[in-house]
Amino acid sequence: MDITLSQCFIAVDDHDKALAFYRDALGLEVRNDVAFEGMRWVTVGSPSQPDVAIVLEPPLANPEASDADKKTMAELLAKGLLRGVIFGTADCDATFERVRAAGGEVLQEPIDQPYGVRDCAFRDPAGNMLRFTQPRAN
């Protein structure tokens, strides 16, 4: 069996702020920008991974969801309680400096972890946690 990752999803509450972060601060390319029934999905991805897409979507991307459910998801997103993404990088410290200089909200400065990586963490404009990991040489 040959299974590969094709897409993952990150909930955002403001696509324009998310685009400024993911495109401008992280250097991801915009691959698609679609509006449908009052919602918007923006697909971004790394130029070095053309087969992997990150979809920036509303917190509850279901037009049939109740107002109560939409409100609950928006509240969870605002609290930073939805899952984020872990990115790989060849240079954690340089990535940290680039994202911090672009205004990223720092959660953790670069540190060597006991499980074999050097990593750092930020919040995106919607509150999602993003980690950047670099394998450590043995």
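1. Let's start with the largest pocket, which holds about 480 Å³ of space. Keep in mind that this is a predicted model. Some 22 residues line the largest pocket, and those nearest its centre are Leu28, Ser46, Gln49, Phe87 and Gly88.

2. Where does the lining come from? Strand S5 (85-88) and helix H3 (92-101) each bring in at least two residues. S5 gives the most to the lining of the largest pocket, at four residues. Sorted by class, the lining has 13 nonpolar residues, eight polar and one charged.

3. Now for the rings. There are four aromatic pairs in the structure. Phe87 and Phe132 make up a stacked one, with 5.4 Å from centre to centre and 10 degrees between the planes. Phe87 sits in strand S5 and Phe132 in strand S8 (residues 129-135), so this pair ties together parts that are 45 residues apart in sequence.

4. Phe122 belongs to strand S7 (residues 117-123) and Phe132 to strand S8, and the pair links parts of the chain ten residues apart. Phe122 is buried too, with a relative accessible area of 0%.

5. To put the rings together: Phe87, Phe96, Phe122 and Phe132 form one aromatic cluster. Phe87 is the link back to point 1, as one of the residues nearest the centre of the largest pocket.

Technical notes. Residues numbered from 1 in each chain as written. Predicted model: local features only at pLDDT ≥ 70, side-chain atom pairs only at ≥ 80, totals over all residues. Heavy atoms only, no water. 1 Å grid on protein atoms, 1.4 Å probe; cavity = no way out; pocket = protein on both sides within 12 Å on 5 of 7 lines; lining within 4 Å. Points joined across faces, edges and corners; volume = space filled by probe spheres on them. Nonpolar A, V, L, I, M, F, W, Y, C, P; charged D, E, K, R; others polar. Phe/Tyr/Trp six-rings, centres within 6.5 Å; stacked < 30°, edge-to-face > 60°. Buried < 20%, exposed > 50% of the residue type's maximum accessible area, 1.4 Å probe, protein only.
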